[in-house]
Amino acid sequence: MPRWSTDGRGGRRRDPPGSLQAPLWRAIAVYRFAALAYVTVLAVRNLSDYAHPVAGGAVLLAMTGWTVFSGYAYADPSWRRWPLLLADLAVTLAVIVAAPRAVGSAMLNAGMPPLSVAWLAGPVLAWAVSGGRRRGVVAALVLGATDLAARERVGQSSLTGAALMLLAGIAVGHVVRLAVIAEERLQQAVELEAATRERERLARGIHDSVLQVLALVQRRGAQLDGEAGELARLAGEQEAALRSLIATAAPVGLDRREIDLRSLLGGYASPVVSIAAPATPVPLPAGVAGEVAAAVGAALDNVARHGGGRGWVLVEDDVAEVTVSVRDDGPGIPPGRLGEAVGQGRLGVVQSIKGRISELGGTVRISSTLGEGTEVELRVPRSRTTADGSAAPVD
């Protein structure tokens with residue numbers, strides 16, 4: 001079902017602006033009135049030849065009333081639910097059963113069309129728009145079978161009409177499926193644009209405040225010795241990392257452009273960090289690759305702060321998943337240390353590494369031995385990262 005909203009005064013609800021299904025509901029209303037006009041012309045022309053003219057007029061009056069009511073009801077998105085859909089089907093079934101009796105068997109066998117001709121396809125279109133091809137096919141089969149059963153003689157024209165109604169349900173349902181996909185992708189594009197603008201706004205604010213302070217600390221402390229010089233060096237590194245983040249980061253799940261993971265990890269290479277990756281590109285969606293690279297950066301930061309030794313990054317790529325291993329030759333992590341860090345509110349590993357990878361549907365394995373270093377293994381499944389992110393369409 002499409003999203004809906006009130007009219008701003010608490011009254012009838014309307015489709016949101018830009019809804020791709022709203023024109024389809026209006027087209028169904030136009031079709032119903034056009035079909036009713038056609039039936040009315042046939043009835044005025046042939047009413048005197050009907051076996052029961054009064055009954056024929058009553059059926060036509062009922063069809064007119066339901067056409068007006070359904071056009072009004074379907075215009076409100078909050079009404080497009082099973083009660084109205086089932087009532088629409090039931091009223092049309094009643095018309096299909098009553099119409100041949102009003103016309104009479106003799107006139108039907110002579111080739112005169114029943115009152116329900118063309119008009120009976122309305123519920124098929126409504127069911128197809130509300131739920132896709134399957135609903136449209138169900139409504140077409142029910143109405144087509146009832147129409148054939150109500151006739152004493154089944155001819156080629158009646159079979160053709162049932163087949164056309166079935167094809168209409170399939171075709172309209174397929175169009176609705178495409179409209180749902182297009183609407184979801186349009187929403188993703190709007191979200192991406194909004195996220196990009198917000199990121200640019202934050203980047204301007206960071207540039208005017210945090211980055212300038214870090215740059216100032218780095219410049220003023222570059223010539224100092226001891227802890228002051230070390231703080232200046234760290235400030236310079238964080239400035240570079242933050243500039244890279246605001247320049248390249250993208251919201252996960254929004255930016256689906258594929259980039260080579262190796263290009264992001266290559267920035268971590270240094271005299272104490274070695275990067276080993278496949279000779280061929282390791283493509284991942286941009287947002288996913290950014291999160292994996294950020295998790296690797298957090299792991300290497302832990303190596304620099306706690307290990308004090310060399311670090312190695314190994315990238316493995318296969319059909320099912322991408323694996324990145326970060327290993328160091330530091331003192332290792334004492335048993336229970338990670339749990340203690342969480343208890344103390346120090347969530348670097350949990351949030352910076354495990355949190356990022358878990359949101360991508362991946363897993364993190366940390367193995368460490370005292371005196372022999374630590375290895376952090378990140379696994380990200382491709383089946384999760386290469387999806388287009390669109391919601392499942394109705395069908």
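Visitor: Which residues of α1 meet α5, and which residues do they meet there?
Guide: In this predicted model, L24, W25, I28, Y31 and R32 are the α1 side. On the α5 side, they meet G122, P123, L125, A126, V129 and S130.

Visitor: At what angle do α1 and helix α5 pack?
Guide: About 175 degrees. Their axes are 10 Å apart. Helix α5 covers residues 122–131.

Visitor: So roughly parallel or antiparallel?
Guide: Roughly antiparallel, because the angle is over 145 degrees.

Visitor: How does the contact of α1 with α5 divide by class?
Guide: It has 8 nonpolar, 2 polar and 1 charged residues.

Visitor: New topic, cavities. How many of 30 Å³ or more does the structure hold?
Guide: There is 1.

Visitor: How much space lies in the largest cavity?
Guide: About 30 Å³.

Visitor: Which residues line the largest cavity?
Guide: W25, I28, A29, R32, S70, G71 and Y74 form its lining.

Visitor: And which elements give two or more residues to that lining?
Guide: Helices α1 (22–46) and α2 (53–74) do.

Visitor: Which one gives the most?
Guide: That is α1, with 4 residues.

Visitor: How many residues of the lining are nonpolar, polar or charged?
Guide: The lining of the largest cavity has 4 nonpolar residues, 2 polar and 1 charged.

Terms used:
Residues are numbered from 1 along each chain as its sequence is written. This is a predicted model: local features need pLDDT of at least 70, side-chain atom pairs count only at pLDDT 80 or more; totals for chains, interfaces and linings use all residues. Side-chain values use heavy atoms; hydrogens and water are left out. On a 1 Å grid over the protein atoms alone, a cavity is a set of points where a 1.4 Å probe fits but cannot get out, and a pocket is an open set with protein on both sides within 12 Å along at least five of seven lines; lining residues have an atom within 4 Å of a point. Grid points are joined across faces, edges and corners, and a volume is the space filled by probe spheres set on the points. Ala, Val, Leu, Ile, Met, Phe, Trp, Tyr, Cys and Pro count as nonpolar, Asp, Glu, Lys and Arg as charged, and the others, Gly among them, as polar. Axes are lines fitted to C-alpha atoms, for helices over the stretch in contact, and angles run from 0 to 180 degrees between N-to-C directions. Angles under 35 degrees count as roughly parallel, over 145 as roughly antiparallel, 65 to 115 as roughly perpendicular and the rest as oblique. Contact means heavy atoms within 4.5 Å.
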